[in-house]
Amino acid sequence: MIFALNRSLILSALVLLVVAICVGLLSFGYAETPHDLLGWSSKIALLISGIIVLLGIRPILRALHFITFAKYWWFPWLDGEWRAEIRSNWPKVQRMYLAAKGESLKFDALAAPLTDADELVTMASVTIQSSLFEISIEIAPDGTNKVSRTRFVQPRWARPDRPELSYVYAQLDNAVLAPTDTRQHYGAGIVEYIERTGELSGHYWTNRKAQAALNTAETITMRRVAKPSLLARLRHQISLKGLD
């Protein structure tokens with residue numbers, strides 16, 4: 001998640017940290033001259049490495065993110081379970097495919113009016129996990145054996161634009177395949193975080209069966225799954241005990 005910050009800000013933070021450590025050493029009498037500070041260089045490097053290792057532990061990073069209000073100046077904390085609504089142009093692609101084979105009426109994708117049947121809507125479960133150096137996204141469409149896992153995720157927040165994630169993923173399908181599908185394909189997407197609604201929304205595209213010009217694209221919207229309150233969980237536990 002650190003890559004949501006621009007390089008100059010990262011370098012400035014590192015320089016500020018080193019300066020703060022040096023000032024502390026001088027203030028408390030552990031060093032009196034630049035030569036003394038040079039002798040501390042290995043220890044300073046070890047301290048910075050230790051801080052980075054600690055921040056690599058997700059609960060510690062989450063706590064720091066919370067107490068420093070980092071969602072306002074760094075990047076929103078997106079970890080957790082989400083539900084995705086994925087819209088695909090596959091029905092439209094399929095109509096062109098069948099028309100080309102002569103198995104349906106002629107279809108001009110540019111001129112023909114689109115209907116609800118020309119868009120496929122799929123619901124999916126999404127898990128997002130963040131660490132100091134990476135963000136991972138896993139998407140599992142409902143009722144299938146398909147699983148999409150990201151190979152690369154780049155957070156970005158260039159104000160006044162919204163925070164956004166750019167990602168590349170691989171999807172594996174272990175089910176029996178249709179002639180128009182592939183066992184594995186790659187895709188990419190860009191989604192923006194809409195603070196007002198708490199949604200991640202944007203576009204994706206794939207190379208699925210691209211050699212036959214059957215690759216797909218459309219929109220994806222993710223909504224966070226609300227966790228039950230402590231009171232609701234207690235009531236649920238009490239109700240379960242009552243059934244015993």
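Trainee: Which exposed residues does the face of H3 turned away from its buried side carry?

Mentor: That face of H3 carries Ser42, Leu46 and Val53. Exposed means over 50% relative accessible area, buried means under 20%, and partly exposed is in between (1.4 Å probe, protein chains only). Helices (H or I, at least four residues) and strands (E, at least two) are DSSP runs, numbered from the N terminus. Please note that this is a predicted model, in which local features need pLDDT of at least 70 and side-chain atom pairs count only at pLDDT 80 or more, while totals for chains, interfaces and linings use all residues. Residues are numbered from 1 along each chain as its sequence is written, and side-chain values use heavy atoms, with hydrogens and water left out.

Trainee: And which residues of H3 are buried?

Mentor: They are Ile44, Ile48 and Leu55. These residues lie on the same side of H3, because they cover an arc of only 35° around the axis. The arc is that of the directions from the helix axis to the C-beta atoms.

Trainee: What covers the buried residues of H3?

Mentor: The cover includes helix H1 (7–27) and helix H4 (58–67). Contact here means heavy atoms within 4.5 Å.

Trainee: How many residues does H3 have, and what is its reach?

Mentor: H3 spans residues 41–55, which makes 15 residues, and reaches 21 Å from its first C-alpha to its last. That is close to the 21 Å expected at 1.5 Å a residue; the expected span is 1.5 Å times one less than the number of residues.

Trainee: Changing topic: in the largest nonpolar core, which residues touch the most other members?

Mentor: Trp74 and Ile220 do, in a core of 32 residues. At least two residues of this core come from each of strand E1 (80–88), strand E2 (120–130), strand E3, strand E5 (164–172), strand E6 (184–194), strand E7 (199–206) and strand E8 (217–224). A second, separate core of seven residues includes Ile21, Leu25, Ile44 and Ile48. A nonpolar core is a set of buried Ala, Val, Leu, Ile, Met, Phe, Trp, Tyr and Cys residues joined through side-chain atoms within 4.5 Å.

Trainee: What does Ile220 touch?

Mentor: Not counting residues up to four places away in sequence, Ile220 touches, among others, Ala84, Ile86, Ile139, Tyr167, Val191 and Leu200.

Trainee: How many salt bridges does a search of the whole structure find?

Mentor: The search finds 10. A salt bridge is a side-chain nitrogen of Lys or Arg within 4 Å of a carboxyl oxygen of Asp or Glu. One joins Glu138 and Arg149 (3.0 Å, N to O). That pair links distant parts of the chain, with Glu138 in strand E3 and Arg149 in strand E4, 11 residues apart. Another joins Arg223 and Glu199 (2.9 Å, N to O). Arg223 is in strand E8 and Glu199 in strand E7, so this pair ties together parts that are 24 residues apart in sequence.

Trainee: Arg223 and Glu199: buried or partly exposed?

Mentor: Arg223 is partly exposed, with a relative accessible area of 37%, whereas Glu199 counts as buried at 17% relative accessibility.

Trainee: Which peptide bond is cis?

Mentor: The bond from Arg159 to Pro160 is cis, with omega near 15°. Pro160 is placed in the loop between E4 and E5.

Trainee: And what is the phi of Phe69?

Mentor: It is near 50°, a positive value in a residue other than glycine. Phe69 is found in the loop between H4 and helix H5 (70–73), and counts as exposed at 54% relative accessibility. Ala213 has a positive phi of about 60° although it is not a glycine; Ala213 is found in the loop between E7 and E8.
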